[in-house]
Amino acid sequence: MSSHDATVTIYALIALVGLVLEAMSRTGRTEMPRLGTVLTRIMHTRSGRIGVMAGWMWLGLHYFAR
Amino acid sequence: MIDCNNGVVNTGAGRPDETGDETTRRSTLPNVDPVIVVLTLAGIFDGLAGNPVHAFLLIGIALLLVSGADLHVRPTTRMNGHHPLAALAVAVVFAVVVGGFERYSWPATVAVIVPGVAGLLMAFRAARTPGPEPLVVGRHGAVAWASLFVVLGLWELTNLLLQPDLATASYAHPTLSTLLDPILAMHTGRSVLLFVWLALGWHLVKR
């Protein structure tokens with residue numbers, strides 16, 4: 001396996017873990033919160049809300065803007 | 001103790017009824033909002049990486065949080081989904097038109113900054129009137145999600161540092177940006193990802 005393939009595989013594994021966590025949260029049989037619930041909790045505070053929106057804006061800038 | 005509501009808080013000693021250990025800890029550690037620290041560090045490193053616009057915006061937002069500024073945005077249409085079809089149409093048109101702009105061009109930059117700043121202003125406005133207490137997130141769940149994003153960030157950073165230099169992409173050690181480059185090189189790809197970005201912003205604003 002090349003370095004490229006290994007790198008992409010690890011990204012895919014991280015995404016897979018995220019999907020598993022989200023799936024676990026939706027079964028209702030664990031205490032795992034949904035990602036949306038975590039975001040809502042973070043965004044309940046002033047700086048959390050503004051920080052999350054700043055992160056979102058940064059994503060747009062990073063991929064599309066100067 | 002970190003108070004995420006008010007940015008930087010004074011570092012005064014604890015109340016008389018608190019334990020000695022707690023009082024000592026409070027009197028010696030600065031009480032700094034982690035969001036401000038993250039935004040400031042991100043702004044500094046983005047600036048060092050040659051992205052002055054990003055740095056200006058990130059540090060500017062951090063300074064606004066430090067100052068406790070309350071941006072009085074004139075209440076307009078509430079982002080509660082009353083006009084979903086109109087919003088969808090605007091998002092599609094935006095994505096198609098802006099997706100036609102060259103990446104990293106000034107038109108694309110302005111086009112992204114406008115909804116970005118609008119989302120931020122809505123965040124400032126919404127922060128003035130917090131909604132009902134959200135569901136409690138258990139410690140294990142919070143640690144699990146936080147760990148996932150920390151690992152993602154560290155893996156991204158590892159690949160960034162394995163590049164020949166910060167501005168030169170590596171096929172052997174691609175960052176997420178490098179992996180997305182072929183998609184973002186196409187008008188269609190840019191439009192789809194712009195739409196996803198807008199939808200994510202809309203989703204966040206409504207929370």
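User: In which helix do R26(A) and E22(A) both lie?

Analyst: This is a predicted model. The side chains of R26(A) and E22(A) meet in a salt bridge, with N to O at 3.0 Å. The two residues are four apart, about one turn of the helix. Both lie in helix α1 of chain A.

User: How many salt bridges does a search of the whole structure find over all chains?

Analyst: Side chains of opposite charge can pair when their charged atoms come close. R26(A) and E22(A) make such a salt bridge. Between chain A and chain B the count is zero. Over all chains, the search finds two.

User: How much area do chain A and chain B bury between them?

Analyst: The size of an interface is often given as the accessible area lost when the parts come together. Here 44 residues of chain A are in contact with 70 residues of chain B. Of the buried area, 72% is on carbon and sulfur atoms. The total is about 5,400 Å².

User: How many residue pairs are in polar contact across the interface of chain A and chain B?

Analyst: Salt bridges between the two chains number zero. Polar contacts are a separate count, with both residues at pLDDT 80 or more. For these the rule finds 13 residue pairs.

User: Which element gives the most to the side of chain A that touches chain B?

Analyst: The elements of chain A that give two or more residues to this side are α1 (3-27), α2 (35-42) and α3 (46-64). The residues of this side divide into 24 nonpolar, 14 polar and six charged. With 18 residues, the element that gives the most is α3(A).

User: Are α3(A) and α3(B) roughly parallel or roughly antiparallel to each other?

Analyst: Two packed helices are described by the angle between their axes and the distance between the axes. For α3(A) and helix α3 (residues 52-67) of chain B, the axes are 11 Å apart and the angle is about 175°. Angles over 145 degrees count as roughly antiparallel. The two helices are therefore roughly antiparallel.

User: How do the residues of the contact of α3(A) with α3(B) divide?

Analyst: From α3(A) come residues including I50(A), M57(A), W58(A) and L61(A). From α3(B) come residues including L57(B), L58(B) and I61(B). The contact divides into ten nonpolar, three polar and one charged.

User: Which residues of α8(B) make the contact with α7(B)?

Analyst: The axes of α7 (residues 176-184) and α8 (residues 187-205) of chain B come within 7 Å and cross at roughly 120°. That makes α7(B) oblique to α8(B). On the α7(B) side are L180(B), I183(B) and L184(B). On the α8(B) side are G189(B), R190(B) and L193(B).

Notes:
Residues are numbered from 1 along each chain as its sequence is written. Chains are lettered from A and ligands numbered from 1 in the order in which they are written. Side-chain values use heavy atoms; hydrogens and water are left out. Contact means heavy atoms within 4.5 Å. Buried area is the accessible area (1.4 Å probe) that two parts lose on being put together, summed over both. A salt bridge is a side-chain nitrogen of Lys or Arg within 4 Å of a carboxyl oxygen of Asp or Glu. A polar contact is a pair of N or O atoms within 3.5 Å; within protein, one must be able to donate a hydrogen and the other to accept it, and residues adjacent in sequence count only if both atoms are side-chain atoms. Ala, Val, Leu, Ile, Met, Phe, Trp, Tyr, Cys and Pro count as nonpolar, Asp, Glu, Lys and Arg as charged, and the others, Gly among them, as polar. Axes are lines fitted to C-alpha atoms, for helices over the stretch in contact, and angles run from 0 to 180 degrees between N-to-C directions. Angles under 35 degrees count as roughly parallel, over 145 as roughly antiparallel, 65 to 115 as roughly perpendicular and the rest as oblique.
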